[in-house]
Amino acid sequence: MESLGEEPWDVVICGTGLQQSLLALALSRSKKRILHTDPNYYYGQYEAALTLQEAESFAAKHAGGSSEAEKKRSVVRNAAVWKPDDAEAQGLKFPRAYSLALAPQIIHTKSKLLSSLVSSRAYRQVEFLAVGSFFVYEPAKDGSDPKLSRIPSSREDVFSSQSIPARSKRSLMKFLKFVLDFESDDQKPLWEAHADASLTDFLTAQFKLEDDLKRYVVALTMALDGKASVRSGLAAINRHLTSMGMFGPGFCAVYPKWGGLSEIAQVACRAGAVGGGIYMLDTSATMKPSGENEKASLELPNGITVQADSVISGQETTASVQAISRLIAVVKSPLNSLFQVLVEGAPTPAVAVVALPSTPSPIYAVIHSSDTGECPVGQCVVYLTTLATAGSKHELEQALVMLVYAVEGEDSTSPCLYQLYYEQALGDRQSTTENHGTTPALSFPPLSATIAFEDSDLEAVKTAWSLVSGDESDEDTYLVFEDREGADAEDEVYE
Amino acid sequence: MADSAGAPRPSSSVKLVLLGEAAVGKSSLVLRFVNNDFQENKEPTIGAAFLTQKCNLPTRTIKFEIWDTAGQERFASLAPMYYRNAQAALVVYDLTKPTSLIKAKHWVAELQRQASPGIVIALVGNKLDLTNASAAAAGGNSEDEDEEGGGGAAGGDGGDESGDARKISTDEAKTYAEEESLLFFETSAKTGHNVSEVFTAIANAIPETSLKSTRGPGASNAVSRGGDEQRVNLTGPRGDAAKDSCAC
């Protein structure tokens with residue numbers, strides 16, 4: 001233990017959130033001396049996957065609200081867990097049978113996160129599952145039951161759709177064709193002048209899309225405020241369409257089994273350890289005041305002080321007022337009809353996405369089957385997200401009941417075996433840097449709390465990598481590694 | 001990585017994880033098994049993420065995917081993904097160092113808590129070459145594969161006048177192993193004594209039923225509806241390379 005403090009570390013990384021962990025992966029072949037700590041006894045921080053027991057301590061730790069007087073607010077607040085009194089009798093299993101993902105983002109197959117995991121050889125230890133259908137919730141009307149309508153999400157899909165009239169199909173096809181190369185010089189004139197206007201209005205004016213189809217398109221943008229601009233909306237739809245089929249038929253996004261981005265953080269940290277990094281969970285490193293010409297010092301809980309040439313951490317507070325509300329619910333039925341294979345040769349999807357109309361902003365429900373390893377067979381985990389307002393917790397609970405009713409067709413006022421609720425700041429989107437003595441320190445912004453993983457969250461990781469690597473940095477080597485030695489024993493057989 | 005693309009892999013893969021106190025010789029045991037090699041004064045494990053080795057049994061071939069701790073055990077910082085789907089574990093102690101058996105018992109408990117219920121665990125007392133029991137023990141030179149880089153392990157314990165540095169009797173460890181239904185061996189990674197026997201015994205102990213799929217029965221809460229067909233391969237539709245051996 002004493003040896004920790006003797007020599008200065010090249011880098012001390014505080015926190016094992018996704019961005020810190022990817023930095024550790026990026027530095028794993030650099031021969032730098034890296035100390036990587038996390039105050040929790042699990043990996044992943046705000047991207048962790050929690051057992052029910054861990055969810056309880058997470059909720060206790062983040063139960064506080066944000067008083068108006070506070071300028072800085074904690075990233076996660078108003079957390080609470082709930083379960084029915086007879087949850088176990090209704091089927092709730094032991095706490096470790098669950099793995100609730102704090103970062104359940106789906107990852108588009110085109111995402112740079114996936115290509116970085118492949119080029120860095122870290123992908124092999126992660127099991128990726130397919131994200132299947134996207135649905136829009138249709139409320140009951142004219143005596144018909146509420147239902148989920150599947151959004152056709154490829155041109156083939158539109159062709160074969162029974163529910164869209166022929167005339168509408170033509171305008172939709174025209175729109176899809178346009179989106180596929182909306183950034184080309186041919187298409188730009190059509191939308192650039194309206195780039196910041198509302199996508200809905202643009203769809204009406206330019207493509208004469210009917211209301212139903214517009215709702216499909218807007219739902220697919222996965223904009224949490226439901227008001228995508230033309231620019232951001234077209235980019236989102238383009239990502240959706242061009243991601244389709246990249247790693248196999250029938251899906252445009254994947255999800256890491258066992259708890260989403262938590263799994264990627266763990267694999268990246270393991271790569272950091274394989275490269276020689278020292279890992280200490282349950283350890284908070286606190287910055288000590290340092291003189292102008294000194295290196296930064298950090299104090300570990302056991303009284304050891306370490307010095308660092310650079311310090312990378314995550315922002316613990318934010319000035320951002322806007323937040324999302326998230327309800328993670330363990331549901332006592334598997335909702336199997338959401339996970340059907342619709343294209344021949346497609347993998348069985350483990351994730352489905354449902355957009356529920358709501359005011360002032362829509363609610364997105366992302367449903368994970370037990371194939372994700374997040375709950376026992378016969379149950380599923382539903383992640384509901386909306387922009388936080390005073391009443392959003394209640395709205396999410398209502399939305400869950402509506403969703404389960406629309407799928408199961410029978411009334412269940414309490415479909416839930418367990419739930420974790422919290423609000424998470426949308427963050428400031430910018431990393432912050434400051435100097436502690438001679439040591440530069442960078443803090444990552446909180447990850448985008450969006451439905452789909454945003455590649456823009458990776459930019460800060462590269463900034464941090466350049467900062468730490470300094471003059472040695474060669475961009476071509478960023479997250480591009482050979483397989484490690486030892487993988488070649490393949491043909492030797494020990495008799 | 002692409003050279004063996006598409007080659008058939010008739011053998012069953014078994015994920016085996018290593019556990020044990022720093023500097024007991026975890027990596028050395030694997031190095032002996034995989035490369036039939038031993039390095040004196042080996043540095044703490046860096047760069048070894050993952051090794052593979054086939055083990056031929058009369059009726060089947062087992063391909064071990066051996067995961068090293070990468071040092072994450074030192075401050076109790078192993079991630080759940082390390083234990084996940086492990087079908088076998090090698091819990092190693094240094095039979096010249098009493099605290100290492102205490103630590104080994106801790107790891108056995110941790111495996112019983114975290115890993116798949118059917119996991120095969122082998123308890124291995126290493127550094128037999130430092131005791132009288134080993135005919136092969138070369139006197140004097142202690143087997144110092146100090147994984148901790150100065151963390152005070154085998155070095156000082158090695159040179160008993162009698163040449164016997166054993167501190168943990170075979171009976172003591174064996175009794176414990178029997179109580180917990182563990183396989184038990186005393187080995188020397190340095191001389192190679194009993195090393196292949198450990199892996200063969202593990203291979204034999206893995207139930208046939210858990211070999212059906214390439215990934216085994218899954219972790220405690222893993223109960224898959226679909227098997228492997230729902231896995232997505234990131235190197236292309238139904239691509240190759242993914243089944244190839246791997247490192248970080």
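Read along the sequence, chain B follows the pattern β-α-β-β-α-β-α-β-α-α-β-α-β, with helices (H or I, at least four residues) and strands (E, at least two) taken as DSSP runs numbered from the N terminus. The model is predicted: local features need pLDDT of at least 70, side-chain atom pairs count only at pLDDT 80 or more, and totals for chains, interfaces and linings use all residues. Residues are numbered from 1 along each chain as its sequence is written, while chains are lettered from A and ligands numbered from 1 in the order in which they are written.

**Chain B**

- Chain B has six helices and seven strands.
- Of its 248 residues, 52% count as buried; a residue is buried if 20 or more other C-beta atoms lie within 10 Å of its own, exposed if 12 or fewer, and partly exposed in between, with C-beta atoms placed from the backbone.
- Among contacts in chain B between residues at least 6 apart in sequence, 72% join residues at least 24 apart; two residues are in contact if their C-beta atoms, placed from the backbone, lie within 7 Å.

**Nonpolar core**

- A nonpolar core is a set of buried Ala, Val, Leu, Ile, Met, Phe, Trp, Tyr and Cys residues joined through C-beta atoms within 7 Å.
- The largest such core holds 222 residues, of which A:Val12, A:Val354, A:Ala365, A:Val382, B:Leu16 and B:Ala89 touch the most other members.
- Helix H12 (residues 261-274) of chain A contributes the largest share of this core, namely nine residues.
- Neighbours within four places in sequence aside, A:Val12 is in contact with A:Leu35, A:Ala285, A:Leu298, A:Val306, A:Ala308 and A:Val311.

**Six-stranded sheet of chain A**

- Six strands of chain A form an open sheet of mixed pairing in the order S11-S2-S1-S15-S23-S22; two strands pair if DSSP finds at least two bridges between them.
- Strand S11 (278-280) and strand S22 (432-436) of chain A each have a single partner strand, so one side of each is left without a neighbour in the sheet.
- Neighbouring strands of this sheet are turned by 15° against each other on average, direction ignored; axes are lines fitted to C-alpha atoms, for helices over the stretch in contact, and angles run from 0 to 180 degrees between N-to-C directions.
- Strand S2 (residues 34-37) of chain A runs parallel to S11(A) and is joined to it by three bridges, and A:His36 stands opposite A:Tyr279 in S11(A).

**Helices against the sheet**

- Helix H14 (residues 459-469) of chain A lies across strand S1 (11-14), strand S15 (311-314) and strand S23 (439-444) of chain A, at about 170° to S23(A).
- Helix H2 (residues 18-26) of chain A has nine of its nine residues buried, so it is largely enclosed by the rest of the structure.
- The buried residues of H2(A) are covered by elements including S1, S2, H12, S15, S23 and H14 of chain A.

**Domains of chain A**

- Chain A is divided into domain 1 (2-50 + 259-317 + 429-477), domain 2 (52-97 + 128-151 + 249-256 + 321-425) and domain 3 (154-243), with bounds from an automatic or database domain assignment.
- The C-alpha centres of domain 2 and domain 3 of chain A lie 27 Å apart, and 13 residues of domain 2 of chain A are in contact with 11 residues of domain 3 of chain A.
- Strand S8 (128-138) and strand S20 (380-387) of chain A each supply at least two residues of the side of domain 2 of chain A that touches domain 3 of chain A.
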